[in-house]
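Here is a short briefing for a first look at this structure. Keep the sequence and the 3D view open while you read.

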Amino acid sequence: MSYVDGMLAAVPEAKKAAYLEHARKAADLFKEVGALSVVECWGVDVPEGKLTSMPMAVKLEEGETVVLSWISWPSKEARDAAWEKLMADERMAGMEMPFDGSRMIFGGFDVVLNT
């Protein structure tokens with residue numbers, strides 16, 4: 001069964017270029033260890049909710065944008081093996097995130113429908 005790592009983050013609009021550079025480098029590493037694809041989405045129409053919303057979830061601040069990302073893997077087993085390699089890779093350890101990682105939401109998902 002396919003597997004996806006999903007992430008939601010608040011990224012300063014002034015750091016968009018730095019974020020994209022970081023994302024490209026990370027995507028190269030993910031693909032090197034077996035990721036099928038890496039998708040980065042820059043928020044354009046992400047409304048604030050009354051009870052819940054993406055901006056509320058990441059505690060969006062003035063001058064920031066919500067970013068939605070996901071990494072597709074052939075299976076959870078492939079993903080787990082890849083992350084073990086990535087955590088030991090000094091290239092990954094040396095990457096600095098151009099956003100507040102403490103407000104990033106991250107989760108793993110079995111793909112149950114892919115049309």
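Two strands pair if DSSP finds at least two bridges between them. Helices (H or I, at least four residues) and strands (E, at least two) are DSSP runs, numbered from the N terminus. On those terms, an open sheet of four strands has the order E2-E3-E1-E4, with antiparallel pairing. The model is predicted: local features need pLDDT of at least 70, side-chain atom pairs count only at pLDDT 80 or more, and totals for chains, interfaces and linings use all residues. Residues are numbered from 1 along each chain as its sequence is written, and side-chain values use heavy atoms, with hydrogens and water left out.

**The sheet**

- Strands E2 (37–42) and E4 (105–110) form the edges, and each pairs on one side only.
- Neighbouring strands of this sheet are turned by 15 degrees against each other on average, direction ignored. Axes here are lines fitted to C-alpha atoms, for helices over the stretch in contact, and angles run from 0 to 180 degrees between N-to-C directions.
- Strands of a sheet pair through backbone hydrogen bonds, either parallel or antiparallel.
- E1 and E3 run antiparallel and are joined by ten bridges. Val11 has Thr65 in E3 as its bridge partner.
- E2 and E3 (residues 64–73) also run antiparallel, with six bridges between them. Val38 is bridged to Ile71 in E3, and Cys41 is bridged to Leu68 in E3.
- How many of the ten residues of E3 are buried? Eight are, so E3 is largely enclosed by the rest of the structure. Buried means under 20% relative accessible area, exposed over 50%, and partly exposed in between (1.4 Å probe, protein chains only).

**The helix across the sheet**

- Helix H1 (residues 16–32) lies across strand E1 (3–12), E2 and E3. H1 runs at about 165 degrees to E2.
- Asp28 belongs to H1. Asp28 is exposed, with a relative accessible area of 54%.

**The largest pocket**

- The largest pocket holds about 340 Å³ of space. Of its 21 lining residues, the closest to its centre are Met7, His22, Phe30, Met97 and Met104.
- On a 1 Å grid over the protein atoms alone, a cavity is a set of points where a 1.4 Å probe fits but cannot get out. A pocket is an open set with protein on both sides within 12 Å along at least five of seven lines, and lining residues have an atom within 4 Å of a point.
- Grid points are joined across faces, edges and corners, and a volume is the space filled by probe spheres set on the points.
- E1, H1, E2 and E3 are the elements that give two or more residues to the lining. H1 gives the largest share, six residues.
- The lining divides into 18 nonpolar residues, two polar and one charged. Ala, Val, Leu, Ile, Met, Phe, Trp, Tyr, Cys and Pro count as nonpolar, Asp, Glu, Lys and Arg as charged, and the others, Gly among them, as polar.

- Leu8 lies in E1. Leu8 is buried, at 11% relative accessibility.
- Contact means heavy atoms within 4.5 Å. Beyond its neighbours within four places in sequence, Leu8 is in contact with residues including Met54, Ala57, Val66, Leu68 and Met104.
- Leu8 and Met54 are 46 residues apart in sequence but 7.8 Å apart in space, C-alpha to C-alpha.
- Trp83 sits in helix H3 (residues 76–88). Trp83 is buried, with a relative accessible area of 16%.
- Not counting residues up to four places away in sequence, Trp83 touches Asp5, Phe30, Ile71, Trp73, Met92 and Phe106.
- The C-alpha atoms of Trp83 and Gly34, 49 residues apart along the chain, are separated by 9.9 Å.

**Two loop residues**

- Glu13 is in the loop between E1 and H1. Glu13 is partly exposed, with a relative accessible area of 45%.
- Leaving out residues up to four places away in sequence, Glu13 touches Trp42, Gly63, Glu64 and Thr65.
- Lys59 is in the loop between helix H2 (54–57) and E3. Lys59 counts as exposed, at 60% relative accessibility.
- Lys59 has a positive phi of about 55 degrees, although it is not a glycine. Most residues other than glycine have a negative phi.
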